[in-house]
Amino acid sequence: MARCRTFQPGRPGPEDLVRAGLSAGHRGHPGAGCPSAALLDEIGRQDGTKRAYTDGARALIDAIAARPAPEDPRAARGKAIGLSSMLVGTVQLSRALSDRRLADETLAQGIKNALTFTP
């Protein structure tokens, strides 16, 4: 999340975030990727960790929301929440599937779906 808090020139934008987050490489290396997809259940069980995670999630959502409407980031907040939720859910589902073709198809469709939320 830290690397995506602000989407400035030369830093990853929302589409880059989608493609990186829903890649086979990210799916295959949960220890090196986003803590959301790897540890969400455990994060939700720990109050202190949950508070810290919430701060990071809020920063990510705000950064995504600011991209399409920098003058009014609240206008894009719903899409930003939808995008972050879709990314986490898609990678979690893909990781849970034993059928590699279905797991790859899940990532590919997740990218298509998630890109509808990006500017």
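**A loop residue, a helix and its cover**

Guide: Start with His29, which counts as exposed because its relative accessibility is 52%. The model is predicted. His29 sits in the loop between helix H2 (24-28) and helix H3 (35-43). Its C-alpha atom is 9.7 Å from that of Arg95, although the two residues are 66 apart along the chain.

First, the setting. The chain has 6 helices and 0 strands. Read from the N terminus, the order of elements is α-α-α-α-α-α. There are 119 residues in the chain, and 33% of them count as buried. Take the contacts between residues at least 6 apart in sequence: 64% of these join residues at least 24 apart.

Now H5 itself. It has 20 residues, and at 1.5 Å a residue these should span 28 Å.

Which residues of H5 are buried? They are Ala80, Gly82, Leu83, Ser84, Leu87, Val88, Thr90, Val91 and Ser94. The cover over these buried residues includes H1, H2, H3, helix H4 (47-66) and H6.

Take Thr90 from that list. Its relative accessible area is 10%, so Thr90 is buried; the cut-off is under 20%. Set aside the neighbours within four places in sequence. Thr90 is then in contact with Leu22, Thr106, Leu107 and Gly110.

Ala76 and Ile61 are 15 residues apart in sequence, and their C-alpha atoms are 9.4 Å apart in space.

Two packed helices are described by the angle between their axes and the distance between the axes.

Begin with helix H1 (residues 14-21) and helix H6 (residues 100-115). They pack at an angle of about 165°, and their axes are 9 Å apart. H1 and H6 are therefore roughly antiparallel to each other; the cut-off for that term is over 145 degrees. The crossing of H1 past H6 is right-handed. On the H1 side, the contact uses Glu15, Val18 and Arg19. On the H6 side, the partners are Ile111, Ala114 and Leu115. Sorted by class, this contact has 4 nonpolar residues, 2 charged residues and no polar ones.

Then the pair H3 and H4. Here the angle is about 140°, with the axes 10 Å apart. That makes H3 oblique to H4. H3 brings Ser36, Leu40 and Ile43 to the contact, and H4 brings Thr49, Lys50 and Tyr53. By class, the contact of H3 with H4 has 3 nonpolar, 2 polar and 1 charged.

Back to H5 to finish. Its buried residues include Thr90, and helices H1, H3, H4 and H6 are among the elements that cover the buried set.

Technical notes:
Residues numbered from 1 in each chain as written. Predicted model: local features only at pLDDT ≥ 70, side-chain atom pairs only at ≥ 80, totals over all residues. Heavy atoms only, no water. Axes fitted to C-alpha atoms, helices over the stretch in contact; angles between N-to-C directions. Helix = DSSP H or I, 4+ residues; strand = E, 2+ residues; numbered from the N terminus. Parallel < 35°, antiparallel > 145°, perpendicular 65-115°, else oblique. Left-handed = near helix turned anticlockwise from the far one by under 90°. Contact = heavy atoms within 4.5 Å. Nonpolar A, V, L, I, M, F, W, Y, C, P; charged D, E, K, R; others polar. Buried < 20%, exposed > 50% of the residue type's maximum accessible area, 1.4 Å probe, protein only. Expected span 1.5 Å × (residues − 1).
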